[in-house]
Amino acid sequence: MNQMMTALQYPFDAAYIMRKRKALRKELLKQPFLLEKKIAVLGGSTTHDIKEMLELFLLNYGIRPVFYESEYAQYWQDAMFGNEALAALEPDLIFIHTTNRNITAFPELTDSRSEVDELLEQQYRHFEMMWEKLADDFHCPLIQNNFEYPYFRLMGNQDASSIYGRTNFITRLNQKFYDYAGSHENFYINDINYQSADFGLKDWLEPSFWHMYKYALSQKAVPVLAYNAANIIKSVFGKNKKALALDLDHTLWGGIVGDDGAEGLEIGPGSPQGEAYAEFQAYLKALRKQGILLGIISKNEKENALAGLNHPQMVLKPDEFVQIKADWEPKSLNLKKMASELSLLPESFVFVDDNPAEREIIRQQVPQAAVAVLDKPEHYIYAIDRAGYFEMTSFSADDLKRNEMYRGNAKRREMQNSFSNYKDYLLSLDMHAEICPFQPVYMARIAQLTNKSNQFNLTTKRYTQDEIEHAALSSEYITLYGKLEDRFGDNGVVSALIGRQRGKILDMKLWIMSCRVLKRDMEYAMMDALVQECRKRDIHVIYGYYYPTAKNSMVKDFYGIQGFEAVSKDQDGNTVWMMNTSGYQRKNDVIKVNEGGK
């Protein structure tokens, strides 16, 4: 299985994947606890191979897709006029695969500027109408290809700057797509314009494939497009990586700090290699600003590692790493320790090390973690960037503070060790919580949390922002978010729940919490607020549901701990719990709720 998974990781052999697709699929389907998602592929050209490749990459990310595939070039008709099979699928996500072959008209030299502008608007409106119709009908995320450049230029280099050039027309049309994406939630661009440039436009486009099979790209480019679309989909459904575990010697700098000393390291101006390492660090620093956690795992003496990290030409400084593990323990053990200490799963990590032997040990000992394949320092950025580990489909204010939040957790652990009584430790944190019905300002963060929370996630339900907004506005639902702050900082929105009312009964549809606030009694504060809201609505009974996955076993007894009684359990381990609100006693006595933050 591990070899199969490796075949689907960047950099992959597209020809090998196409040749071994059936064997790969058979092996990948053996994985337990696959997250099933219904995906509609609406194509403006032949999409069969794209769908098959997309399935492989999604399975490798732990997502089992159930597909609807439109007939050849029927993408617009299916969207605008309906299709029984598409409607019956009730897709969780729609992928629209169109290319410049679906642009129906380009400017002519005899057109006026206003006529070119009108033609551009007509081409854009064709797509905008479709997006609006799909959003109204299905309320699910949409992925839309932009357009690759044409494989010929009638005007030569002026094709890019003249309003009559096809290159110029496509550039302007793409910009209108981007403007729409920037103003609409749950709408994402699959950037085939960049992908084709990166791949090589001449290799991406194969006219003979279009004329023979109505494929708008070459067969060898199909896995590349499908891989990029899969990266967007796995990000939408919370399968992104969260952290980089970085080696030091020959990874962040040239040389071996223990042998060469900090003064002998190759980093920064002065040599091509030193500049390459500095550029890589600058790239990592930019990722950190987007909320990606950076940690060090190095076989080194701690003082030598710190000496290297304090080198004046270092772009990254020691305090920009959430943890620094520099010792002689096996790196696989240190990776597991780092994950545990940060309340993350090993699968949240990407291991980055120049040493092939160390990379192989991680593959064998921590198979859940991703392992970047490095060669030359000047290509390190490619290895991380092209792999799509951190594909961004949502961004919240909490992401900007993530590194500080985890560093705050390290300080909390240090303080916990000084207390013999755990409750005294919790009280010393001086915790304040804001627990309220969903508010517009937090909708994006709540949607992000539902798709990222795997360990403390009772029903495994993933909500889009549209669904969350619908629940917040409907009187059928009780919605609550929890925001936690303490003496070490603001943790942001860390918990959310949704319950659906039916008379005097409430069915819990969602209960999630960020693992970074585990064992802080936030779940008790949320339960207190939920019961209080139920009593306001004259709800007498709450039903809770637990659906097991490979990752959420830690909450299998959650409802029992909260005072619920077990009602049923099926052969798959799914359990139903019940509690009468009348007998509930307040549980939280360490967090001050809705009394103002620090």
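This is a predicted model: local features need pLDDT of at least 70, side-chain atom pairs count only at pLDDT 80 or more; totals for chains, interfaces and linings use all residues.

Trainee: Which residues of H22 and H23 meet?

Mentor: On the H22 side they are Met443, Ala444, Ile446, Ala447 and Thr450, and on the H23 side Gln465, Ile468, Glu469 and Ala472. By class, that contact has six nonpolar, two polar and one charged residues.

Trainee: Why is H4 called oblique to H12?

Mentor: The axes of helix H4 (residues 48-60) and helix H12 (residues 222-236) come within 8 Å and cross at roughly 50 degrees. Angles under 35 degrees count as roughly parallel and those from 65 to 115 as roughly perpendicular, so H4 is oblique to H12. The crossing of H4 with H12 is right-handed.

Trainee: How do the residues of the contact of H4 with H12 divide by class?

Mentor: From H4 come Asp49, Ile50, Met53, Leu54, Phe57 and Leu58, which meet residues of H12 including Val222, Leu225, Tyr227 and Ile233. The residues of this contact divide into 13 nonpolar, no polar and one charged.

Trainee: What makes the bond between Tyr10 and Pro11 worth a remark?

Mentor: Most peptide bonds are trans, whereas the one that joins Tyr10 and Pro11 is cis, with omega about -5 degrees. Pro11 lies in the loop between helix H1 (2-7) and helix H2 (14-19).

Trainee: And what sets the phi of His139 apart?

Mentor: Most residues other than glycine have a negative phi, but His139 has a phi near 50 degrees, a positive value. His139 is found in the loop between helix H7 (113-138) and strand E4 (142-145).

Trainee: Which residues lie closest to the centre of the second largest pocket, and what is its volume?

Mentor: The second largest pocket has a volume of about 470 Å³, and of the 21 residues that line it, the closest to its centre are Ser340, Glu341, Ser343, Leu518 and Lys519. By class, the lining has nine nonpolar, five polar and seven charged residues.

How values were computed
Residues are numbered from 1 along each chain as its sequence is written. Side-chain values use heavy atoms; hydrogens and water are left out. On a 1 Å grid over the protein atoms alone, a cavity is a set of points where a 1.4 Å probe fits but cannot get out, and a pocket is an open set with protein on both sides within 12 Å along at least five of seven lines; lining residues have an atom within 4 Å of a point. Grid points are joined across faces, edges and corners, and a volume is the space filled by probe spheres set on the points. Ala, Val, Leu, Ile, Met, Phe, Trp, Tyr, Cys and Pro count as nonpolar, Asp, Glu, Lys and Arg as charged, and the others, Gly among them, as polar. Axes are lines fitted to C-alpha atoms, for helices over the stretch in contact, and angles run from 0 to 180 degrees between N-to-C directions. Helices (H or I, at least four residues) and strands (E, at least two) are DSSP runs, numbered from the N terminus. Angles under 35 degrees count as roughly parallel, over 145 as roughly antiparallel, 65 to 115 as roughly perpendicular and the rest as oblique. A crossing is left-handed if the near helix is turned anticlockwise from the far one by less than a right angle, and right-handed if clockwise. Contact means heavy atoms within 4.5 Å.
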